[in-house]
Amino acid sequence: MPPNDNRIDARDWSLLAVLSILWGGSFFFNGAALRELPPLTLVLLRVALGAAMLLPSLRMQGISLPKDMAGWKPFVAIGLLNNVIPFSLIVIGQTFVPSGLASILNATTPLFTVMVMAAAGEEALQIRRVAGVALGVVGVVILRGWGIETRSGQGLGILLCLGGAFSYGLAALAARRLLKDSAPLGTATFQLMASTVMMAIVAGAMEQPWHLPMPGLATWLAVLGLAALSTALAYIVFFQIIRRSGATNVMLVTLLIPVTAILLGWLLLGEPISAREIAGALVISSALLVIDGRVLNLLRRVT
């Protein structure tokens, strides 16, 4: 992992775009699955199926499991901060707030990450990066718009989603310190395995999923999409970016998620793009350029 998270190369920008598509789908999959499944049971299925899907690849790559509890400790910590806490808070939050608002709140993740890294002494608190992230959040709000329906308990839902975003910031710090030399595939699999054990205890105690009626086909398809695309594959990409570009930069994906969702709707479903959405996307693009810093440095040299 690089000592300074200030630069993102072309490959990592491409990986961030892919990750934004994979994670952007999680809001849709969550919304569909929550119609028949309680939130903690959904999180349990997400991490358990995600781990099961990655295990064969782990065997083919010849990556062995940690041999003792000391070897598992980093993955338990990452699983708790990167899966168990944020997945649970966000998916419960989505029972109070719509997916559009949840994605806006999720876009605060890089702001929390910058603050956590600075407070822990891992990175200097650069005004340029803070301003760029704040500008990006404004861009997400513009893109999504404020036309969001009011629901009962929305204040609680907002706090839960913000708690999930803060947990992702803590997870970035933990990943930077604990997983410097771990292979992305192994890291993704081991954290999901640890998360499965923790979520089995939590969901079992709180929701007793064995008493629930069998969900329908649409719900199972949403769960499989959540596990395969938004979890198993997404985390391989996520940890690859962390190793190449750093913990703070990978969290910029939350600013890209609303943009890719709009573009996919236009490309695949023929949905029109409004002037507001174009403006929001331009603000987000400007924010990413500010965060990256190279354009600003070039302008200084020119002037």
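## Helices α8 and α9

The axes of helix α8 (residues 184–206) and helix α9 (residues 217–245) approach to within 8 Å and cross at roughly 130°. In this predicted model, α8 and α9 are therefore oblique to each other, and their crossing is right-handed.

On the α8 side, the contact is made by Pro 184, Leu 185, Thr 187, Ala 188, Gln 191 and Leu 192. The α9 side contributes Thr 231, Tyr 235, Ile 236, Phe 239, Gln 240 and Arg 243. Divided by class, the contact of α8 with α9 comprises 7 nonpolar, 4 polar and 1 charged residues.

## Helices α2 and α9

Helix α9 also packs with α2, at an angle of about 55° and with the axes 8 Å apart. The handedness of the α2 and α9 crossing is right-handed.

From α2, the residues in this contact are Leu 42, Leu 45, Arg 46, Leu 49, Gly 50, Met 53 and Leu 54. From α9, they are Trp 220, Val 223, Leu 224, Leu 226, Ala 227, Ala 228, Ser 230, Thr 231, Ala 232 and Ile 236. The classes represented in the contact of α2 with α9 are 13 nonpolar, 3 polar and 1 charged. Thr 231 and Ile 236 of α9 take part here and also in the contact with α8.

## Helices α2 and α3

Helix α2 (residues 39–60) has a further partner in α3: their axes come within 9 Å and cross at roughly 135°. The two helices, α2 and α3, are therefore oblique to each other, and α2 passes α3 in a right-handed crossing.

In α2, Pro 39, Leu 40, Leu 42, Val 43, Arg 46 and Val 47 meet residues of α3, namely Asn 83, Phe 87, Ser 88, Val 91 and Ile 92. The contact of α2 with α3 contains 8 nonpolar, 2 polar and 1 charged residues. Leu 42 and Arg 46 of α2 belong to this contact and to the contact with α9 as well.

## Geometry within helix α3

Helix α3 spans residues 69–93 and has a bend of about 40° at Leu 80. At the start of α3, the backbone nitrogen of Ala 70 lies within 3.3 Å of a side-chain oxygen of Asp 68.

Methods
Residues are numbered from 1 along each chain as its sequence is written. This is a predicted model: local features need pLDDT of at least 70, side-chain atom pairs count only at pLDDT 80 or more; totals for chains, interfaces and linings use all residues. Side-chain values use heavy atoms; hydrogens and water are left out. The bend at a residue is the angle between axes fitted to the seven residues ending there and the seven starting there. Helices (H or I, at least four residues) and strands (E, at least two) are DSSP runs, numbered from the N terminus. A polar contact is a pair of N or O atoms within 3.5 Å; within protein, one must be able to donate a hydrogen and the other to accept it, and residues adjacent in sequence count only if both atoms are side-chain atoms. Axes are lines fitted to C-alpha atoms, for helices over the stretch in contact, and angles run from 0 to 180 degrees between N-to-C directions. Angles under 35 degrees count as roughly parallel, over 145 as roughly antiparallel, 65 to 115 as roughly perpendicular and the rest as oblique. A crossing is left-handed if the near helix is turned anticlockwise from the far one by less than a right angle, and right-handed if clockwise. Contact means heavy atoms within 4.5 Å. Ala, Val, Leu, Ile, Met, Phe, Trp, Tyr, Cys and Pro count as nonpolar, Asp, Glu, Lys and Arg as charged, and the others, Gly among them, as polar.
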